[in-house]
Amino acid sequence: MNFFNYTHLNISELNAVVNYSALYFALLPFWPFGGLSIAGMLLILNAFLNVLNKTLKWRDAMIILLYPFYSYFIFSNAFVILLLSGMFLYYLIRNKKFHTHFFVALAVFTALCIITEYRVIYSSIQGFESHRHFFNQTYPSIGSWISSSIQSILNNHEFYFYSYSDSVSRHYPLLLLITLLVLFMTFLFHQKKYFFTVFSLLFLTVVFAYLYPLSSQILYVLQKITPSFLFRLIQGFTFRFYVLNPVLWLIILFSIGVYISSINARAKLFIVNFLFLFNAYLLFTTGKTLNFNTYRALESPFANNIKNKTIPITYQSYFDTELFHRIDTLIQHRYQLQKHQYRVAALTDPNPAYPLFSPAVLQYNGFFTIDGYCVYYPKSYK
């Protein structure tokens, strides 16, 4: 917020811009299996900003201490830590002061993130095989590496515009178009500070979106320049920097709200109405994150409810212990088999990323499944 001069706004106008911008983030669908990995990212960033501004309260300390226990280090927190480290370095270079409290808070947060997922890190060090080991590609020449990188960028343009379904930003088309309009206006009127800030944020959204499609190319380079023991650890990570994009788009939305409101009274009215209508649009069109293949047609639970497009399902009806008890009894009587004597596969629609009939249902009911999607497994398993 130091980049923006919002003294021209009165309290009610500033609150409108802040609240409507925050509502945008609140209405975004997120990956529920990730806990607070995406949905709570603003909480942890706000807590660290309070540490940076020396306004830390007890609830901020509790957020920093508890957040790692309901979020994923590999999925999101590793990238949050990199972002926070960038904030720390920026403060150090700009103010030429070592912010001890921020450094200690970041060290504690990082340590807790690692402790909560120590088994993944331990497995990678102890010679377990990453499930992504065979995803990596080899390139016979620099030319083929460059060609492959360009292809990945060209073939994954939808990845930027529509975003990944476990980190939906819903910036296209309205938010992206108005951001480009603001960039044009700030460039035209030589408002360098606004232009540089919005352009930098927009550029980061592009970089963060494309780092994931370029994972194979990046890993290939890292394999050449890093020690083998360190690369084994890096190999277990994917470059999911796109998880930071919803927060970046929130900051962009806030910044353009402040900028447009600074022009004149009509502009203030325009931005408040735009933010209101934009959130109304999100309320009826943002959506379920259960299917990677339909991320361009996501609809919110609210929209689904008013259209009666989905049938509510309860935890009890999904795992249906009574049904699976009858199945177990039938197999025992007809085939004379106990559960430990056979293995079961869950067959489902291949399109949804999260299956309609999950192996977790079978395991919950005591059946042994054939296999699973394991992050790390011993080499002997092969």
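Guide: Gladly! Keep in mind that this is a predicted model. Let us begin with Ser152, which is found in helix H8, spanning residues 142-155.

Visitor: Why is Ser152 called buried?

Guide: Ser152 has a relative accessibility of 12%. Buried means under 20%, so Ser152 counts as buried.

Visitor: What makes the link between the side chains of Ser152 and Gln217 a polar contact?

Guide: The side chains of Ser152 and Gln217 are joined at 3.1 Å. The cut-off for such a pair of N or O atoms is within 3.5 Å, and therefore the link between Ser152 and Gln217 is called a polar contact. Setting aside residues up to four places away in sequence, Ser152 touches Pro213, Leu214 and Gln217.

Visitor: How much of the protein is buried?

Guide: By that under-20% rule, 42% of the 382 residues count as buried.

Visitor: Which residues have the most contacts inside the largest nonpolar core?

Guide: They are Tyr24, Met41, Ile44, Phe48, Leu84, Phe102 and Phe109, in a core of 75 residues. Apart from that core lies another, of eight residues, including Ile331, Tyr342, Val344 and Val361.

Visitor: What is Tyr24 in contact with, leaving aside its neighbours within four places in sequence?

Guide: Among its partners are Ser169, Leu175, Pro246, Trp249 and Phe278.

Visitor: And how many helices and strands does the protein have?

Guide: The protein has 19 helices and two strands. As for its surface, the protein exposes about 22,300 Å², with carbon and sulfur atoms supplying 67% of that area.

How values were computed. Residues numbered from 1 in each chain as written. Predicted model: local features only at pLDDT ≥ 70, side-chain atom pairs only at ≥ 80, totals over all residues. Heavy atoms only, no water. Helix = DSSP H or I, 4+ residues; strand = E, 2+ residues; numbered from the N terminus. Buried < 20%, exposed > 50% of the residue type's maximum accessible area, 1.4 Å probe, protein only. Areas by Shrake-Rupley, 256 points an atom, 1.4 Å probe, with all protein chains shown as cover. Polar contact = N/O pair within 3.5 Å; in protein donor to acceptor, adjacent residues only side chain to side chain. Contact = heavy atoms within 4.5 Å. Core = buried A, V, L, I, M, F, W, Y, C linked by side-chain atoms within 4.5 Å.
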